[in-house]
Amino acid sequence: MSMKTVTVDVSTSVDLPGPLQIAASVFLPQRSTDPAGPADPLIVVFALPGGGYSRGYFDIHAPGHSGYSQAEHDTARGFLFISCDHLGVGDSSLPDPARITVEVLADSYAAAVRELLQRVRSGTL
């Protein structure tokens, strides 16, 4: 499993000032590259934490305990796993917390998921 961090500009998806970005961790699965046969369809899993949690919640590594990483669990099964910080949390933009409504979260997440899926389809992720 390899991981990379990406950002998605969601400035035009919500009515908040300034440039706004969603930060995401992309966990790439091990997949067969055998040209002799068709590849299984790629399944993409999006993990969107709430309640003030950040995207790291989905990739926990506790000393002496194994099996806590949902990202590892899913990528071991061939899934592409993407976890995102929402606006106001983690590495995403931090606008005025009083202006982050449920609608702002939904609209910004929807824009981020659409963009990330487009990157998957185009092979640029």
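For the charge count used here, Lys and Arg are positive and Asp and Glu negative, with His and the chain ends left out. Each charge sits at NZ of Lys, CZ of Arg, CG of Asp or CD of Glu. On that basis the mean positions of the 8 positive and 13 negative charges of the protein chain lie 5 Å apart.

A word on provenance: this is a predicted model, where local features need pLDDT of at least 70, side-chain atom pairs count only at pLDDT 80 or more, and totals for chains, interfaces and linings use all residues. Numbering starts from 1 along each chain as its sequence is written, and side-chain values use heavy atoms, without hydrogens or water.

**Layout.** Reading from the N terminus, the elements go β-β-β-α-β-α; helices (H or I, at least four residues) and strands (E, at least two) are DSSP runs, numbered from the N terminus. Buried residues (under 20% relative accessible area, with exposed over 50% and partly exposed in between; 1.4 Å probe, protein chains only) make up 36% of the 125 residues.

**Cores.** A nonpolar core here is a set of buried Ala, Val, Leu, Ile, Met, Phe, Trp, Tyr and Cys residues joined through side-chain atoms within 4.5 Å. The largest one has 19 residues, and Val10, Ile82, Cys84, Leu87, Leu116 and Leu125 touch the most other members. Two or more residues each come from β1 (2-9), β2 (21-28), β4 (80-84) and α2 (102-122), with α2 giving the most, 5 residues. There's also a second, separate core of 6 residues, including Phe27 and Phe81.

**Salt bridges.** The whole structure has 3 of them, counted when a side-chain nitrogen of Lys or Arg is within 4 Å of a carboxyl oxygen of Asp or Glu.

| Pair | Closest N to O |
|---|---|
| Asp85 and Arg55 | 2.4 Å |
| Glu115 and Arg119 | 2.9 Å |

What separates Glu115 from Arg119? They're 4 residues apart in helix α2, so about one helical turn lies between them. Glu115 is partly exposed at 31% relative accessible area, while Arg119, at 19%, counts as buried. Shared partners join Arg55, Asp85 and Asp91 into one network. Within it, Asp85 is buried at 1% and Arg55 is buried at 8%, but Asp91 is exposed at 59%.

Asp74, in helix α1 (residues 70-75), is buried yet has no salt bridge: Arg77, the nearest side chain of opposite charge, is 6.0 Å away. Leaving out residues up to four places away in sequence, Asp74 touches (heavy atoms within 4.5 Å) Val45, Phe79 and Phe81.
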